[in-house]
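Visitor: I would like a close look at a single part of this model, the nonpolar core, and then at whatever connects to it. Please keep to what the coordinates give.

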Amino acid sequence: MTRIVAWAAVLLGCLYFLLPLAGMTEFSLKMRRGVYSFDAYVKVFEDPTFWATFGYSLTLAAATIVFGVLLVVPTAYWVRLKLPQARPVVEFITLLPLVIPAIVIVFGYIRLYNTSSFLPLTGSAFGTDILLTMGYATLALPYMYRAVDTGLRTIDVATLTEAAQSLGAGWFTILARIILPNVLVAVLSGAFLTLAIVIGEFTMAALLNRPAFGPFMQLLGANRAYEPPALAVIAFTITWVCMGLIQLVTRFSKHERAKA
Amino acid sequence: MAFLDLTNLEKTFGANRVVKDFNLGIDKGEFVSLLGPSGCGKTTVLRMVAGFETPTSGSIRIDGQDVTDQRTNQRAIGMMFQAYALFPNMTVADNVAFGLKVKGISRAEREARVAEMLRLIGLPDLATRFPFQLSGGQQQRVALARALAPRPRVLLLDEPLSALDAKVRVSLRNEIRVIQRELGITTIFVTHDQEEAMSISDRIVVMNGGIAEQAGAPFEIYNNPRTRFVAGFVGTLNMFTATVESQQDGLLTVAGQRVLLPKGPITARDGDTVTLALRPEAIRLGRAEGREVVMPATIDEVHFLGSVIRVRARVAGTVVALDTFNRPDQPPPPVGSAAEISFAASDVILLPE
Ligand SMILES: Nc1ncnc2c1ncn2[C@@H]1O[C@H](COP(=O)(O)OP(=O)(O)O)[C@@H](O)[C@H]1O
Ligand SMILES: [Mg+2]
């Protein structure tokens with residue numbers, strides 16, 4: 001009896017989640033009257049703006065990941081090694097982006113870095129891109145920090161560091177050759193999460209007026225009927241592929257270990 | 001001047017004085033053990049030599065060079081930890097090559113040295129394995145090879161065997177000693193296991209509460225312990241309370257038996273109570289030639305260990321442990337039986353108060 005109830009609950013949950021998706025997918029296939037077709041998808045893929053904005057967001061995602069890794073890995077490492085008592089504080093800081101809306105952050109940026117400020121980043125496209133990358137890195141910080149910190153927990157950071165030091169290594173060598181490779185799986189899952197966030201982000205890119213994928217989706221949604229659901233399906237697929245890759249990477253590394 | 005010199009080393013953590021006025025000179029190629037109970041400051045001394053801790057005061061010199069203020073990676077030391085210190089992302093060969101790579105040694109030279117080190121530790125076929133594919137003993141051998149590969153000036157080992165099971169522990173400690181002799185590398189070995197320390201060291205420093213209580217060859221430490229702590233910590237001791245009859249002659253009585261110490265005058269006064277101690281192997285079951293002190297005993301326990309039989313007997317109100325060698329024609333006494341024990345006054349260790 002309880003089993004049936006449990007299964008019914010699972011089924012209901014799936015339906016709640018899947019029905020809108022199915023409806024949207026179905027609608028996106030109905031551009032041609034009377035038959036199902038991929039016309040809406042072809043339209044989307046034929047649109048040069050799609051490729052331009054997608055490429056732009058991908059580039060910024062890559063920059064965000066690089067910046068995030070360079071910021072988070074040494075920080076999380078240092079906190080674990082030298083400042084364990086500061087961990088709650090650092091964790092709190094990394095959680096702030098979940099509490100503070102992106103719109104607040106971006107208005108703060110615009111106020112601080114406008115053309116008449118001490119650092120007029122918004123004055124040029126490249127400057128704004130840097131600002132946007134920083135913003136993305138902030139949004140991804142909770143996920144990136146948690147992923148890396150969990151990865152660091154699986155190794156004996158202090159002993160490995162001391163072993164490397166006794167063999168003559170300096171800080172850079174230790175981070176690059178020992179710490180980073182050992183948390184690579186964690187870094188990768190953080191990276192895929194970052195990618196998913198950046199691809200779908202709207203607020204920051206729109207308010208900083210950069211040609212990112214998020215604003216493009218919004219623009220399309222406001223003006224067309226069939227293409228937006230097609231785009232939504234594409235965006236979903238990208239996110240899910242990212243999630244799948246995280247799973248795969250984690251599974252693969254576990255498998256490697258299990259083979260021993 | 002010794003090759004490695006520790007002079008007036010002190011270390012305090014907050015209000016806690018962990019190492020107190022520690023002095024030690026180690027000659028080139030010498031194998032010295034720091035022995036003491038957990039928490040006595042052994043690791044702290046070793047970590048100061050390694051450069052992981054900065055001494056509160058005092059100095060460390062290696063080969064005449066003051067390294068007190070040098071960072072670890074400038075000291076050219078090799079270190080082996082308790083366990084889990086191999087780099088998990090690297091193969092055995094890459095682990096051993098790490099120090100060489102950091103030094104900027106060419107690939108060809110590196111490969112030759114790695115092969116040489118793996119042969120030295122007896123694992124020439126495991127070069128491509130990862131640490132998680134090795135047993136604990138193999139991992140520690142690789143850790144030794146890794147520490148030795150860059151030809152360090154000093155080798156530091158912090159209880160490297162304590163995570164291994166008993167059999168591997170014994171074989172690996174002998175292997176470490178053989179390799180150490182072969183390379184002639186100056187070594188400090190930290191352990192809380194007195195048997196381990198005695199079996200492989202040139203010299204032992206017995207530590208207690210941050211102080212070096214006694215330093216000397218294992219034979220010296222075992223037979224002539226200078227403090228009560230050293231006597232009790234190194235080996236097993238049987239203690240008797242004795243009364244000084246004549247300070248001048250070194251004459252004591254133990255439970256009515258006269259014990260005339262051959263070394264003559266002692267420092268206590270007549271009528272004082274002193275503690276004398278005897279190693280298990282100094283006490284014999286029954287009477288024997290040259291063992292002039294004889295005391296009645298009751299057998300409490302008999303442990304047949306093979307070549308040695310360890311007997312616990314009650315003598316003059318205390319339980320003493322004594323060791324006899326197994327002899328096929330002499331079965332061990334039954335438990336509960338009455339017996340006699342004997343010892344020579346020359347084997348008595350008079351413990352300082
Ligand atoms: N980093 C540290 N901070 C505070 N106290 C420490 C630190 N390291 C060691 N101690 C203290 O110093 C004492 C000696 O420690 P240690 O040298 O590790 O002893 P051993 O290796 O002989 O067991 C212990 O009481 C320990 O608690
Ligand atoms: Mg210790």
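Guide: The largest nonpolar core has 60 residues, and the members that touch the most others in it are A:L152, B:L4, B:L6, B:F22, B:L34, B:F87 and B:L156. The element that gives the most to this core is helix 3 (residues 48–82) of chain A, with 7 residues. Apart from this core lies another one, of 39 residues, including A:Y136, A:L139, A:F216 and A:V249. The model is a predicted one.

Leaving out residues up to four places away in sequence, B:L34 touches B:F22, B:L24, B:K42, B:V45, B:I188, B:F189, B:V190, B:T191, B:V205 and B:M207. Of these, B:F22 is also among the core members that touch the most others, while B:K42 belongs to the residues around ligand 1.

That leads to the ligand. Ligand 1 is surrounded by B:F13, B:V18, B:P37, B:S38, B:G39, B:C40, B:G41, B:K42, B:T43 and B:T44. By class, this shell has 4 nonpolar, 5 polar and 1 charged residues. Helix 1 (residues 42–50) of chain B supplies the largest share of the shell, 3 residues. An N or O atom in the side chain of B:T43 is 2.5 Å from an oxygen atom of ligand 1. For the side chain of B:K42, the distance from an N or O atom to a ligand oxygen atom is 2.9 Å. At B:G41 the backbone takes part, with an N or O atom 3.1 Å from an oxygen atom of ligand 1. Taken alone, ligand 1 exposes 560 Å², and the protein buries 58% of that.

Of the 260 residues in chain A, 40% are buried. Among contacts in chain A with a separation of 6 or more, 75% are between residues 24 or more positions apart. Chain A exposes about 14400 Å², of which carbon and sulfur atoms supply 72%.

Back in chain B, B:S342 sits in strand 19 (residues 338–343). B:S342 has a relative accessible area of 0% and therefore counts as buried. A polar atom of the B:S342 side chain lies 2.7 Å from the backbone oxygen of B:G286. Beyond four places in sequence, the contacts of B:S342 are B:A282, B:I283, B:R284, B:G286, B:R287, B:A288, B:R291, B:V293 and B:V294.

Two backbone angles in chain B remain. Most residues other than glycine have a negative phi. B:R151 has a phi near 50°, a positive value in a residue other than glycine, and lies in the loop between helix 4 (136–148) and strand 7 (154–158). B:E159 also has a positive phi, about 45°, and is not a glycine; B:E159 is placed in the loop between strand 7 and helix 5 (166–183). In terms of cover, B:R151 counts as exposed because its relative accessibility is 57%, over the 50% limit. B:E159 counts as buried because its relative accessibility is 10%, under the 20% limit.

Terms used: Residues are numbered from 1 along each chain as its sequence is written. Chains are lettered from A and ligands numbered from 1 in the order in which they are written. This is a predicted model: local features need pLDDT of at least 70, side-chain atom pairs count only at pLDDT 80 or more; totals for chains, interfaces and linings use all residues. Side-chain values use heavy atoms; hydrogens and water are left out. A residue is near a molecule or strand if one of its heavy atoms lies within 4 Å of it. A polar contact is a pair of N or O atoms within 3.5 Å; within protein, one must be able to donate a hydrogen and the other to accept it, and residues adjacent in sequence count only if both atoms are side-chain atoms. Accessible areas come from the Shrake-Rupley method with a 1.4 Å probe; for residues, only the protein chains shown count as cover. Helices (H or I, at least four residues) and strands (E, at least two) are DSSP runs, numbered from the N terminus. Ala, Val, Leu, Ile, Met, Phe, Trp, Tyr, Cys and Pro count as nonpolar, Asp, Glu, Lys and Arg as charged, and the others, Gly among them, as polar. A nonpolar core is a set of buried Ala, Val, Leu, Ile, Met, Phe, Trp, Tyr and Cys residues joined through side-chain atoms within 4.5 Å. Buried means under 20% relative accessible area, exposed over 50%, partly exposed in between (1.4 Å probe, protein chains only). Contact means heavy atoms within 4.5 Å.
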